[in-house]
Amino acid sequence: MKKRWAKRHVAEAIFKVLMLVSFAMVAGSLALILWTILSKGLPAINWAMLTQAPKGGYYLGKEGGILNAILGSLIMAGSGTLLALIIGLPIALYLETYLRNSLWARYVRLALDILWGIPSIVYGAFCFIFMLAIGMRASMLGGIIALTLLELPILTRAMDEVIRMLPRDLEQAALALGSTRLEVALRVVTRQMLPGIVTAILLAFGRGIGDAASVLFTAGYTDRMPNSLLRPAASLPLAIYFQLSMPYPEVQKRAYAAALILTVIVLVASLGSRWISSRLGKNVIK
Amino acid sequence: MDTHIKITDFHVSYGEQSVLEDINLEIPKGEITVIMGPSGCGKTTLLKGMNRFLELVEGAHVKGQVFIDGEDIYDPGMDVTEIRKKVGLLAQRPYPLPMSIYDNVAYGLRIHQMCKNGREMDERVCHYLQEAGLWEEVKDRLHKPALGLSIGQQQRLCLARGLAIKPEILLGDEPTSALDPISAQHIEKRLLALKEEYTIVLVTHILRQAKRLADYVVFMYLGEMVECGPAREVFENPQKERTRAYLAGQF
């Protein structure tokens, strides 16, 4: 039968084109970003960058590296994620176990969603004012707290969604075999949820390690290696920012190299968590 | 007859709504008892009363006693995990645990510490997979995810998993209703083979299935037990008007 170009076929064709365009935009942006970082950063990257702290005149193009920022970022984002997990997991479990779909649960979820949407500079400023009030100076601890607050709503809501997806029948299947509640939680529920939680952790870690605004006031910046919770600490996003704002092309190139390092860290974390998720998730009941 | 489960003055309500009223019933040992009736009559609720699953339902209130081997399972001193070990459940839809085929069967053996060593565990897992009629199909992929099995195979896996902890009683809540006809037949055959060793209580709304399987029949209607007795008597010569109407297909 001959195809007629009825309205609905035209509509479908238009939507197919739109889909292709949006795909090209997303994939194209990623490719362009990677290309920019790689083409500008790769020539500038060297061993010293990864293994040394900045020496005098680093920002003028002299020797040194950004190990201080790499370590600072890993420590702050890592600790922030851990703290957010410690605080967020009980919230998520409480939401699921006790509040369920009550009015309070809706308020808590709404609050978390709003917190998720708040710009990170606001978290930075909020923590900074708080730190001023108690007489605390810019420090690694301040940065960790700011990142914890930034990551908390993301982690909690992502875990909340994972827990909500848990099939009730699965618990019942385990209970029917004479399991205790604890055995159900440890042997069955965690197995089912772990892949989702790993993904949630990655999401939060990625947001934390890539954020400049929240650590700008709270952690400050320093050329020293991170050595104390109460001293300022460097971070990769700020290293990128400071190097990029220098008027020397070779320093700007180093900014791209730093961006490359940050991207690789996020990429490794992301691929790593995917690998873990798929290992843990092969038995998950859908 | 030898009574295995004795239910006396059993009432269940969900919130305000009364679901089961004044159930008095004795379920014989080593036979297949089929609880039948139209949907919404309280069959599943009655079944869930026998392994204390009702307490998982929010707002459910239970009054009365259920004696298994002469012990009231609703006695506050009873260990609910021991009761559920003794009373296995085959649910309407199979729900494998998120682990491999082997681990699904081994799960109960592990939590109840029923095996001394790995070899004993291997033997038990193999034995109960055979018992459930699944061994031939899965023996080469024991350590693959249970989710890879078809629904019918999953239900037999759940049967193996339930049998592995050596229950005395097996409850089945319409265990074939989610299955294709061939898998359903498979399960029915297994149940008929298993009644030598277990007391089986089945809920079904399929009259023909009830006739194929039942030794003893309980007919429920609107939360009441209307009639119970040996299958042949109830099917051939029902005493109550409502049973007669149901058997004639009027509900």
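Two residues are in contact if their C-beta atoms, placed from the backbone, lie within 7 Å. The legends below describe close-up views of a predicted model.

**View 1. Surroundings of Ala160(B) in the largest nonpolar core.** Leaving aside residues up to four places away in sequence, Ala160(B) touches Val105(B), Tyr128(B), Leu129(B), Glu131(B), Ala132(B) and Leu134(B). The largest nonpolar core numbers 78 residues, and Ala160(B) is one of those that touch the most other members, together with Val34(B), Ile35(B), Leu171(B), Val201(B) and Val217(B). Another core, of 55 residues, lies apart from this one and includes Ala69(A), Ile154(A), Ala204(A) and Tyr256(A).

View 2. Strand 9 (residues 216-221) and strand 10 (residues 224-230) of chain B are paired in the antiparallel sense, over 6 bridges. Within this pair, Val217(B) is placed opposite Gly229(B) of strand 10 of chain B. Val217(B) is also listed among the members of the largest nonpolar core that touch the most others. The two strands form a hairpin with 2 residues between them, and Leu222(B), in the turn, has a positive phi of about 45°.

**View 3. Open sheet of chain B.** Four strands of chain B make an open sheet in the order 2-1-4-5, with antiparallel pairing. Its edges are strand 2 (17-28) and strand 5 (71-72) of chain B, each of which pairs on one side only. Strand 1 (residues 3-14) of chain B is joined to strand 4 (residues 60-68) of chain B in the antiparallel sense by 8 bridges. Ser13(B) faces His61(B) of strand 4 of chain B.

**View 4. Contact between chain A and chain B.** Chain B contributes 23 residues to the contact, and chain A contributes 20 residues. On the side of chain B that touches chain A, the elements giving two or more residues are helix 2 (80-86), helix 3 (101-111) and helix 6 (151-164) of chain B. Helix 2 of chain B gives the most to this side, with 4 residues. Sorted by class, the side of chain B that touches chain A comprises 13 nonpolar, 6 polar and 4 charged residues.

**View 5. Domains of chain A and their contact.** The domain assignment divides chain A into domain 1 (7-44) and domain 2 (48-281). The centres of these two domains of chain A, taken over C-alpha atoms, are separated by 28 Å. In chain A, 7 residues of domain 1 are in contact with 7 residues of domain 2. The side of domain 1 of chain A that touches domain 2 of chain A consists of 5 nonpolar, 1 polar and 1 charged residues.

Key. Residues are numbered from 1 along each chain as its sequence is written. Chains are lettered from A and ligands numbered from 1 in the order in which they are written. This is a predicted model: local features need pLDDT of at least 70, side-chain atom pairs count only at pLDDT 80 or more; totals for chains, interfaces and linings use all residues. Ala, Val, Leu, Ile, Met, Phe, Trp, Tyr, Cys and Pro count as nonpolar, Asp, Glu, Lys and Arg as charged, and the others, Gly among them, as polar. Two strands pair if DSSP finds at least two bridges between them. Domain bounds come from an automatic or database domain assignment. A nonpolar core is a set of buried Ala, Val, Leu, Ile, Met, Phe, Trp, Tyr and Cys residues joined through C-beta atoms within 7 Å. A residue is buried if 20 or more other C-beta atoms lie within 10 Å of its own, exposed if 12 or fewer, and partly exposed in between; C-beta atoms are placed from the backbone.
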